[in-house]
2 protein chains.
Amino acid sequence: MSPDKLSTFATAALVAAGASAGSAEATSRAMMHASLHGVESHGIRLLPWYCEQLRTGLVKGAPVVRVDQTRRAAALVDAGGGFGHLPTYRAMDTAVAAARDCGIGMASVVNSAHFGAAGPYALAAAEAGFIGFVTCNSGAFVTPFNGSSPVHGTNPIAFAAPNAGGDPFLLDMATSSIPWNRVLRARTEGLAVPPETAIGEDGAFTEDAEAARAGPAGRRAFRLQRRGAGGRRRNPGRGIDPTLFLAGEQFTARLRAYLDGLAALSTPERPVYAAGGPQWIARRERQAMGIPILPGLQAELESEALRAMVAFH
Amino acid sequence: MSPDKLSTFATAALVAAGASAGSAEATSRAMMHASLHGVESHGIRLLPWYCEQLRTGLVKGAPVVRVDQTRRAAALVDAGGGFGHLPTYRAMDTAVAAARDCGIGMASVVNSAHFGAAGPYALAAAEAGFIGFVTCNSGAFVTPFNGSSPVHGTNPIAFAAPNAGGDPFLLDMATSSIPWNRVLRARTEGLAVPPETAIGEDGAFTEDAEAARAGPAGRRAFRLQRRGAGGRRRNPGRGIDPTLFLAGEQFTARLRAYLDGLAALSTPERPVYAAGGPQWIARRERQAMGIPILPGLQAELESEALRAMVAFH
């Protein structure tokens, strides 16, 4: 399906379910990011669940979002009981503004429902010329070492850096072996989950998505890819404004050298990418060819379209 | 060996090798943190290597360390070509001061040599009542997905949070399956490395420390343990001052509830800890009973003592 049509449909369905235009647009924007980047688990498949949460009143459709600049470089964003997408985009705008002022800034969102994938908000910072870092808690899914029941969240981490003239660097990951929404997607489509990413009621690994109850901390899925220059530059602390310690063109040159270095290791059989690399390729393909919708999701979206009385085709 | 004696010995040996008192004390403090916490790879075993780097002039013993507050909440610390320990403690002090002012602060260290483990600097923030986050690049050790030669660093991450009346929360990890210094320690002591943490020249896993050349990104060793409360509180961005968004006593109460919750899952056979938990136990044992020194390291330290003409017993 064409990205534009899918985006229009998603926004209309959210509004029909009770969302304000601003909230619906932000939620749709975040889902479309994931669908375009091939992150199916956090893409358009979340729409029926979001609409249901609006209809049942579990999530407020037209929340009052308040930004409180509590400190010179830190803000608190109260999501007012609505979805996390709109307030998190706003939080990142606020953090970027603080970083313009002070070199680094942060904003924390409270009182919000689901915000989808973490990547789109980090990317928003990179698109504004800043390094973005986003993290979030989640429901318990991850078992602690030696424990058999889930305690920790899948607590995603996203990290983005601007790259003048090229795709930004974008790492977007769960710290669990598998995001919970990938398990749910496997259920919808009758697919298996990858080996050793999920465990069942009995504490043993399972590839059966229906049986999955928890997972270990990141093992198979953890591919944190950062620059190890081997030089003398060390960076404890965390950067937002990339020109703080390195002139803009040097920052870009170093990032480019890293990306080119990885590309040089690639063979047609075994391509080597930076984090996010395959997703930028997916994005271009999907912008040109459309977003694939599997049968399970297709049925759910058609049902949602009927309910919202909006077109889906 | 008693921690006090070991610390005095380390400082004296560093000074004998050319370090200034300030640099030697900071380096010794960081090594002792690791040795006390049972992180042998980054403890006193680094001393002979550090002394050698000083003697050969690869690292400056008495560097001029400069702190440049480039922005209101961000500083650049030039290590002047010396070890990273002293400037990184100073960087964290500077970041904490900025966080007092602005809610969040950062400092980046450049032009420095090795800084040991990342944990001690994050802990310094927690001891000052702040949330601390530390990261660092390293030489290439980690192979990218589909690649067979190392590209990325072991890029450690440490994260600490204050815990009034209890041990601070302290996560201290490499993002690789094994820290390179654990491979080196295994070589010194003739030990094997854990299965599937290191790969040899041929790209296959090896448990032979001598043959290890690289490793995958964190799999077996990655146990990122963070709070997944399952509630509606979400925290994108990054906190330094824990009272920013939550009154101090609430922060402590939540951290305590998390730690108590993990303790409640423990059985004598399968203890469940928060990140850093076993290390705090090691610390108490070692403070009381002394720090164990294996034969390979014992020989190296005795040789260092002879060279420095300082007592080691």
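Which residues do ring pairs link into a cluster? They are A:W49, A:Y50 and A:F83. A word on the term: rings of Phe, Tyr and Trp (its six-membered ring) pair if their centres lie within 6.5 Å; planes under 30 degrees apart count as stacked, over 60 as edge-to-face, and the rest as tilted.

Before going on, some housekeeping. This is a predicted model, where local features need pLDDT of at least 70 and side-chain atom pairs count only at pLDDT 80 or more, while totals for chains, interfaces and linings use all residues. Residues are numbered from 1 along each chain as its sequence is written, chains are lettered from A and ligands numbered from 1 in the order in which they are written, and side-chain values use heavy atoms, with hydrogens and water left out.

Back to the rings. Searching the whole structure gives 16 aromatic pairs over all chains. One of them is A:F115 with A:Y121: the ring centres are 5.1 Å apart and the planes are at 20°, so this pair is stacked. Are these two residues buried or exposed? Buried means under 20% relative accessible area, exposed means over 50%, and partly exposed is in between (1.4 Å probe, protein chains only). A:F115 has 3% relative accessibility, so it counts as buried. A:Y121 is buried too, at 0%.

Now a pair in chain B. B:F159 and B:F169 are edge-to-face, with 6.0 Å from centre to centre and 75° between the planes. This pair links distant parts of the chain, 10 residues apart: B:F159 is in strand β7 (residues 157–161) and B:F169 is in strand β8 (residues 169–173). Helices (H or I, at least four residues) and strands (E, at least two) are DSSP runs, numbered from the N terminus. B:F159 is partly exposed, at 24%, whereas B:F169 is buried, at 6%.

Next, charges over rings. The criterion is that NZ of Lys or CZ of Arg is within 6 Å of the ring centre and within 35 degrees of the ring normal. In chain A, A:R29 lies over the face of A:Y89, 3.7 Å from the ring centre. In chain B, B:R29 lies over the face of B:Y89, also at 3.7 Å.

Last, the backbone. Which residue has a phi near 55°? That is A:M309, where the value is positive although the residue is not glycine. A:M309 sits in the segment after α9 (295–308) of chain A and is exposed, with a relative accessible area of 75%. B:E196, also not a glycine, has a positive phi of about 60°. B:E196 is in the loop between α6 (180–189) and α7 (248–265) of chain B, and is partly exposed at 29%.
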